[in-house]
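My notes are below the entry.

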Amino acid sequence: MEDIEETFENYQGNDIKKVTLKNDHGITISCLSLGAVWYEFLVPDKNKQQKNLLMNFDHCADYYSNGLCCCQSIGRVAGRIKKGQFTLDRVNVQVPTNENGNTLHGGNNGFRFLNWQVQTAKTANSVSAIFTHQIKEDHDGFPGDMLVTITYTLDNEDKVTISYKAENGTQTTLFNPTCHAYFNLSDQPNLSTHEIKINSKEHLQLDPELIPTGKMLANANTPYDFHDFNNLAAALEANKGFDDAFVINGTENQMKSVATLREKESGRQITISSESNCLVMYTMTQEQPGVKFKRDNGSIAQPSEAVALEAQMLPDAINHRDFGDIVLPANTTKEHQIVFAFEQH
């Protein structure tokens, strides 16, 4: 196990740190302090070269020149909150809005805009990058201050675990974080050879602004049916893309399989597990003007070049009683984990 800390670049007067973690099997991940970004997930290819399974950019500014939220840490609340409004402790709350009068991904001062403090830790079989930040109400507009810790751990089972912890909140608030990770497991700028299986029977009905209506729709016999492996490119063509919330089967707050993404030519596979009740899948179907991923060597990103897979609690849960509990009471601790297990077949 090995960890390396270095300066990635200076951005807006701040030194941005890059932390690289290596296991004993040739798997490497790296993260950036800005946005607590998951920067690389490097695996050996058949020529023993390292292949990055994640989309990333050469420079920090590239992460903020588009709306992709590429591989950034999202919080306090992932997804959309209708009109930025909800009720906590019988008090009506208004938080800042940033998309069509709604609040998306924690607003314009959410986790992804922060430069996090970072340190590393190591055991015999794992190595971690630990990001911390004191989240302030007067900065992001959500109720109360709280200490947030985001820990990326790479182990010798070729698993990456992202752990989110919020604690010491000065008043009752919300906590529903995720990693907005974009994957392409192939050597092509498309998803044509990808298959996905999602542990879900239903998905949320959304209004034209992508806000949940409260209704759940059956996946069976629709392009949303991924109960067994289905070609992702064919499904997104049939559905004209996905920006959707799948309701995950199983008991809330218990770790369970969420989805498996595999690529048939390389044999690469990622299995995602979490205790949350939702997987948001976004296939970036639109044209991406100006977006140049590092892997494309200067070329503009192709529509549906990658798929974002975000394990979280259902979006707008605070406004729907049956969507799960994202409330963090004052002076308590809440944790959330997502595990990404890599296999080579």
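I am working with a predicted model, in which local features need pLDDT of at least 70, side-chain atom pairs count only at pLDDT 80 or more, and totals for chains, interfaces and linings use all residues. Residues are numbered from 1 along each chain as its sequence is written, and side-chain values use heavy atoms, with hydrogens and water left out.

**Cores.** I looked up nonpolar cores, meaning sets of buried Ala, Val, Leu, Ile, Met, Phe, Trp, Tyr and Cys residues joined through side-chain atoms within 4.5 Å. For burial I use relative accessible area: under 20% is buried, over 50% exposed, and partly exposed lies in between (1.4 Å probe, protein chains only). The largest core holds 80 residues, and W38, F41, I150, Y182, F183 and M281 have the most contacts inside it. I also found a second, separate core of 19 residues, V77, L204, C278 and F323 among them.

What does I150 touch, not counting residues up to four places away in sequence? Taking contact as heavy atoms within 4.5 Å, I get A36, S73, F111, W116, A129, I130, F131, I162, S163 and Y164.

**Strand β24.** Helices (H or I, at least four residues) and strands (E, at least two) are DSSP runs, numbered from the N terminus. Two strands pair if DSSP finds at least two bridges between them. Is β24 buried or exposed? Seven of the seven residues of β24 (268-274) are buried, so the strand is largely enclosed by the rest of the structure. I checked both faces: R268, I270, I272 and S274 are buried on one side, and Q269, T271 and S273 on the other.

Strand β23 (256-263) pairs antiparallel with β24 over seven bridges, and K256 stands opposite S274. Four residues lie between the strands of this hairpin, where G267 has a positive phi near 80°. β24 is also joined to β28 (334-344) by seven bridges, again antiparallel; there I270 has F342 as its bridge partner.

**Helix α2.** In α2 (232-239), I find L232, A235 and L236 buried. Seen down the axis, the buried residues fall within an arc of 95° (taken from the directions from the helix axis to the C-beta atoms), so they line one face of the helix. E237 and A238, on the other side, are exposed. The buried residues pack against β18 (194-198), β21, β23, β25 (278-282) and β26 (307-312).

I then looked at the ends. N231 caps the N-terminal end, with a side-chain oxygen 3.1 Å from the backbone nitrogen of A233. K240 follows the helix and has a positive phi, near 55°.

**P223.** Where is P223? P223 sits in the loop between β20 (212-218) and β21 (230-231). P223 is partly exposed, at a relative accessible area of 28%. Leaving out residues up to four places away in sequence, P223 touches A235, A238, N239 and F242. P223 and F242 are 19 residues apart along the chain, and their C-alpha atoms are separated by 9.6 Å.

**Open sheet.** Last, I traced an open sheet of five strands in the order β1-β2-β3-β4-β5, paired antiparallel. Its edge strands are β1 (2-11) and β5 (50-52), each pairing on one side only. β1 and β2 (14-22) share nine bridges, and I4 has T20 in β2 as its bridge partner.

Key: Polar contact = N/O pair within 3.5 Å; in protein donor to acceptor, adjacent residues only side chain to side chain.
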